[in-house]
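Here's a quick briefing to read with the structure open beside you. Take the topics one at a time and find each piece as you go.

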Amino acid sequence: MTGSLARKSLQLIPTVLGVMTLVFLMLRLLPGDAASYIAGENAPQAAIDAMRESLGLNKPLEEQYFSFITNTLQLDFGRSIVNGRPVIDMIKSALPTTLLIGFVSLIFSFLIAVPLGAIAAYLASKGKGAFDQGLTMVVMVIDMVPGFWLALVLLLLLSLQTQLLPATGPLEWGDPVSLAKRIALPVIVLSVGPLATIARITRTAVLEVLNEDYIRMARAMGTPDRSVLFQHALRNAALPVVTIAGLGFGRLLGGTVIIESIFALPGMGTILINGINGRDYPVVQGLVLMYASMFVFVNLATDLIYTKVDPRVKF
Amino acid sequence: MSVVSTPANLRIPASLPLPDFSGLRRLMGHQRSLIGLAIVLPIVVIALAGPYLPIADPLETNPTVSLQGPSLDHPLGTDKIGRDVLSRIIAGARTSLFVGFSVATIAVGAGIVLGTLSGFLSKWVDTAVMSVVDVFLAFPGLLLAIAMVAVFGAGTWQVILAIAISDIPRAIRLQRSMVLGLKTRPFIDAARMAHAPSWWILVRHVVPSTIAPMLVVASIYAANAILVEASLSFLGLGITPPEPSWGNLIKDGQQYLQTGWWISTFPGIAILIISIGLHLVSDGIRERLDPMMRS
Amino acid sequence: MAILHRNPANYRPASDELRSSSSRTGALLSVRDLETRFFTKTGTVAAVNGVSFDLAHGERMAIVGESGSGKSVMSMSLIGLVSHPGKVTNGDVMLNGRSLIDMTATELNKIRGKEVAMVFQDPMTSLNPVIRVEDQMVAPMMRHLGLTHHEARERAVLLLTQVGIPDPEKRLRSYPHELSGGMRQRVLIAIALSCKPDLILADEPTTALDVTIQAQIVALLKDLAEETGAAVLFVTHDLGLVARFAQKVAVMYAGKFVEYGPIREVFANPQHPYTRGLLSSIPSIDGEKVERLVQIEGSPPDLRNLPPGCPFMPRCPEATSLCASALPDLTERGRDHVAACFMTDPTNAKRGEPVGNAG
């Protein structure tokens, strides 16, 4: 299996290389002159020239590309123009926050969405489709609610008006209760998207599985309905759910950018936005690369999990 | 999900967040489309007619009526400098809808062209195109849009381009998979045997079968684009004041959440309504598609 | 052999009467007036439309019909496996003196797998692909027989050997997709036998298999049934397959039995035109040389819109106008042999104008 893992990783190399190339080109494709854009339109010429020098934009393109790739592979994303810190350090300090809210949201969505979808499918298969229809519609509508808008609404209702949950403040890593309250609002908002997707796909998958012969076989051997649903059906329904969950992670990552900004969380998204607004392109570059790598990695992990779950599929 | 009855070569892949209004299953597909259109079209009309409507001027500031809640004079309230929220939402609708439909058109257009070429031409072309597509798809959607906007700068066309760039790869992939499926069907062989030139086969036979599924996703792309534009504008990266868009309207209200909740709330509801409408249209087309494809 | 002597169509007992009558006759399974309907958007279909029969302990009965005759639905109706939008709407099913129709789901689950077991048609899809064979076999035994995992596993090895699977220990650890079709079907039979059922419902167990393996599986099933004393209800479309397997046969058409009796009788003296059609379409290696295999023209009726009269009429070479207007009941034709046809019924005086279905 490690051999296949190596092989799969190798297949990703062109894509990863492409990603790095795209990010490299992004800045060099800026309309106009990158250096003056970053230094500011009103900066004196000397400052602009100095900026160009420090960014290495004077060197020939191939040389820039080569050093970019080698630096990136060593996780050297350069230094922030605004505060001079190595970008990789900025990422390191922000990463835990983003990972925390990202994973807690994902797990939270799963815990709610999977049972809901499974039960909805089960009831529908018995002819009692009301719950299923209701759930599907509700989930659909919820998914269309703009995340940042929902964040503001919840912020207003649960924090500003009622003081139930905090809206700002540091993350108390040592204090689980305080931490939980601090991330509760962002997690709720971030979970909505994955919850909708996972509930829908679980419901569809379970519904299809329940029509399969082996489910009928299990029932013919006297397996009680609860076991049929949770031990037999879900095992098979997990397959498409895992695939879609991997894709949903991408949406989740995108969501963290906005949510961190609204709830003043010191995560990668905040740094990215600040970087963009401050025209701090090494920061922007490093973070975009980081996000893309995380996404690629998660997709690889999803493939891996899939082969563990479905014995028919060889890695 | 649509995958149950459509033939394999025309199925819309599960990776797309397709709507599923099975609660309205009793209504026929075309009725769902009609409801969707009944939601979308009036909004479009109102948006276009905006300047001629007997409502307040969206730009007119009037500090004496600052931060007033919904009332008869101002049905959706006013903001800090006394501008009427309703007329600003209508003005913002123009921008947001324009972005939405432009993105959909560009994405579907590019998708059809490039996807068809990729699926129909040689393996080399296909591999090359799909490699590039894979690179773009390695980025989470919103993130790519943010990065593109960082590169292009703020502004309407920049936003349209940025969002389209994240949708085009998906459209290409979809179109390509449909074309690949159709390529092996007997009627293509029959056309070839009649010495029909390749491009003619493409245009007359292959592409028309792919139009309907692409319409389904076009509607989704539009809804998605409106949402992404709003997100970008909210972050200050997309469409910036003074030009109103639903996104920056919500941003304007962010600091007045407690004193003027209506400023942020109503634009968000507008986004929600148009999303529902567009998804209904998409779902209706998809419903019509299934029985059509079955025969 | 417990076979009804009265016309089943007129037989409507209360459950108590049925219970005592079946214990009198010693029947393992008694089915009366079973009706199963499917309530679909396009109409209500009576897939099983009034079926009655008895099955004694250890008896082997075949139910023969085309697809759409309702035979599979019937076997599933017996143990309540009909899923939405289908429902058993009438009739009673008595197993070992207890009514299955009245049971709750929990009670039924105790019976399914233990007193009655089913062997399904498609071995490819009847086993859960993500669970090992061992776990699928062991679970019912642990539940119904109270065995530990270890004990059940040992019994599973024995069962696999009994059904003729080599190297059973290894096969247990496999996943279903790693076994061949024939082996998978043997596993299904082993699972069916695992909790020592009194009745085995075999729903076209060989249809999805290679022709060469079909006879093997049927022979296996017969041997195992004789060894364990289990009764078998063998549902199939292939009359030739069950010729040496079953002791009695019922021919099913459009949800009803059209002929029913001991297999030798029915073969020697088929009373219903449909049965005759089925018999003459069996190729035979030994026996008389047949000029052409006779095919039964036409296709099964649309159960949503059954015309009045005999459902086989449109395809029947003997049909007359009487057949179009009246529905024949099952009438006696010989010892324990009944059939539902006006034209072949010697006691029926009425005829009618011929309808041109012959040839």
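Let's start with a sheet in chain C: it is open, has 8 strands in the order β6-β7-β8-β3-β9-β10-β12-β11, and its pairing is mixed. Strands here are DSSP runs of E with at least two residues, helices are runs of H or I with at least four, and both are numbered from the N terminus. Two strands pair if DSSP finds at least two bridges between them.

This is a predicted model: local features need pLDDT of at least 70 and side-chain atom pairs count only at pLDDT 80 or more, while totals for chains, interfaces and linings use all residues. Residues are numbered from 1 along each chain as its sequence is written, and chains are lettered from A and ligands numbered from 1 in the order in which they are written.

**The sheet in chain C**
- At the edges sit β6 (116-119) and β11 (331-334) of chain C, each pairing on one side only.
- On average, neighbouring strands are turned by 20 degrees against each other, direction ignored.
- β3 (residues 60-64) and β8 (residues 231-236) of chain C pair in the parallel sense over 5 bridges.
- In that pair, Ala62(C) stands opposite Phe234(C) of β8(C).
- Helix α10 (residues 273-280) of chain C lies across β3, β9 (248-253) and β10 (256-262), at about 110 degrees to β9(C). Angles run from 0 to 180 degrees between N-to-C directions, with axes fitted to C-alpha atoms, for helices over the stretch in contact.

**Where chains A and B touch**
- Chain B brings 42 residues to the contact and chain A brings 46; residues are in contact if their C-beta atoms, placed from the backbone, lie within 7 Å.
- On the chain B side, α9(B) gives the most, with 9 residues.
- That side has 26 nonpolar, 14 polar and 2 charged residues. Nonpolar means Ala, Val, Leu, Ile, Met, Phe, Trp, Tyr, Cys and Pro, charged means Asp, Glu, Lys and Arg, and the others, Gly among them, are polar.

**Two helices in chain B**
- α2 (residues 85-120) of chain B packs against α7(B) at about 145 degrees, with the axes 7 Å apart.
- The residues of this contact divide into 18 nonpolar, 5 polar and 1 charged.

**Chain A overall**
- Chain A has 12 helices and 0 strands.
- Its C-alpha atoms fill a box of roughly 80 × 55 × 35 Å along the principal axes.
- Among contacts in chain A with a separation of 6 or more, 70% join residues 24 or more positions apart.

Terms used:
Contact = placed C-beta atoms within 7 Å.
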